[in-house]
Amino acid sequence: MAADPRVSKPWLWVTPKWTFPAQDGARVATLNLLKHVTAQGRVVDYLALAGEEEKVDFEQARRELGVRRVYVFRRKGAGSKAGTALNAAKSMVFQPGLAVTFRQFSSSEQNARMERLLKEGAGKAMAECTAADGLQTPDWGTIVYDGLHPAAHSRKGNEFVRPEGPEGPLRVVYRAHNFESDIWLRKAKLSKGPLKAFMARQASQVAKFENSLAAMSECVATVSAEDFALFKGVAPAVKGGVVPIGYEFTEPTAIKPGPGAQIMFLGRMDWPPNREGLQWFLKEVWPAVTERRTDLT
């Protein structure tokens, strides 16, 4: 069998937000993975689907990520809670089959810009780009979706379809930070009344798109073995594996000895898996621990 010529071509790496400053888990995960991919010699261009208020620095991205080119599309309505709520309401009325969280990533304007970028290049599509990169023609063989939402531009109904470049369909790699539909299902279980029905519908819509993306991808790279098993359950032929989130730390600060010991949880409480995991630990594990170790706090 002849080798696929797309494999050796540059990648386009698409993120749902600007990666800097890397002050949350998703941004740190993208930063560390992408810069190590480029360090291996892979030619990568970076496209951020940034919120309207995010400040971007093209040279910082080039320098710290090691990418060839840097592009930005601005997502309208991203930022304020009022804007998010308004977009959700519009989505329910005008795009009832589309999960509300996909609306910013799958507006008609956004879909058209992405199609022009992939087929015709930056000169035709970019709302904002470095001056030197403004007229580049597309030479990508693979598109990497860093998270589920960036892929929402390429869909038919509520299912993912492989995007096209100037020479035909692109290879697709899906970097799955979560099994997204499972998060919505857990939200549905914790909700009541009309909100429960809304969350369950969102879970169904996200699952349909997520499952189709996994099935159409050449590779699905999850952050945990549990997530990869879930993808195998919905798309048995899925290829890929586990690529854990990598962190780099400086030398640890010296700890001064003293009475007792402290345990610290480090994580953002606005991210449901973090919050739910800590709640579970404090309820199910911590009482038994402190019975045996009264010096722990």
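Reply: Let us begin with a term. A polar contact is a pair of N or O atoms within 3.5 Å, and within protein one of them must be able to donate a hydrogen and the other to accept it. Please keep in mind that this is a predicted model.

Me: Which side chain is joined to that of arginine 68 by a polar contact of 2.9 Å?

Reply: The partner is aspartate 139, through its side chain. Arginine 68 itself is placed in the loop between helix H2 (58–65) and strand E3 (70–75).

Me: What else does arginine 68 touch, leaving out residues up to four places away in sequence?

Reply: Its contacts include Pro10, Val43, Val44, Asp45 and Trp140. The C-alpha atom of arginine 68 is separated by 7.8 Å from that of tyrosine 46, although the two residues are 22 residues apart along the chain.

Me: Is arginine 68 buried, partly exposed or exposed?

Reply: Buried means under 20% relative accessible area, and exposed means over 50%. Arginine 68 has 29% relative accessibility and therefore counts as partly exposed. Histidine 149, in the loop between E5 and strand E6 (155–156), has 19% and so counts as buried.

Me: Which side chain makes a polar contact with that of histidine 149?

Reply: That of threonine 101 does, at 3.2 Å. Beyond its neighbours within four places in sequence, histidine 149 is in contact with Thr101, Phe102 and Phe105.

Me: How should I read the side chains of a strand?

Reply: In a regular strand, side chains alternate between the two faces of the sheet. In strand E1 (residues 11–15), Trp11, Trp13 and Thr15 point one way, while Leu12 and Val14 point the other way. Five of the five residues are buried, so E1 is largely enclosed by the rest of the structure.

Me: Which strands pair with E1, and in what sense?

Reply: Strand E2 (residues 44–51) pairs with E1 in the parallel sense over five bridges, and tryptophan 11 stands opposite valine 44 there. Between these two strands the chain passes through helix H1 (residues 25–39), and this β-α-β crossover is right-handed. Strand E5 (residues 142–146) also pairs with E1 in the parallel sense, over four bridges; here tryptophan 13 stands opposite valine 144.

Me: How does one read the faces of a helix?

Reply: An α-helix has 3.6 residues a turn, so residues three or four places apart point the same way. In helix H6 (residues 180–190), the buried residues are Glu180, Ser181, Ile183, Trp184 and Ala188. Seen down the axis of H6, these buried residues fall within an arc of 155°, so they line one face of the helix. The face turned away from that buried side carries the exposed residues Lys189 and Leu190.

Me: Against which helices do the buried residues of H6 pack?

Reply: They pack against helix H7 (193–216) and helix H9 (272–292).

Me: What should I look for in a nonpolar core?

Reply: In soluble globular proteins, nonpolar side chains tend to be buried together. The largest nonpolar core here has 39 residues, and among those that touch the most other members are Leu12, Leu47, Phe102 and Ile143. H7 supplies the largest share of this core, six residues. Another core, of 19 residues, lies apart from it and includes Trp11, Leu65, Val70 and Val173.

Me: Which residues does phenylalanine 102 touch, not counting those up to four places away in sequence?

Reply: Phenylalanine 102 touches Leu148, His149, Ala152, Val206 and Phe209.

How values were computed: Residues are numbered from 1 along each chain as its sequence is written. This is a predicted model: local features need pLDDT of at least 70, side-chain atom pairs count only at pLDDT 80 or more; totals for chains, interfaces and linings use all residues. Side-chain values use heavy atoms; hydrogens and water are left out. Buried means under 20% relative accessible area, exposed over 50%, partly exposed in between (1.4 Å probe, protein chains only). The arc is that of the directions from the helix axis to the C-beta atoms. Contact means heavy atoms within 4.5 Å. Two strands pair if DSSP finds at least two bridges between them. A crossover is right-handed if, with the strands pointing away from the viewer, the path from the first strand over the helix to the second runs clockwise. A nonpolar core is a set of buried Ala, Val, Leu, Ile, Met, Phe, Trp, Tyr and Cys residues joined through side-chain atoms within 4.5 Å.
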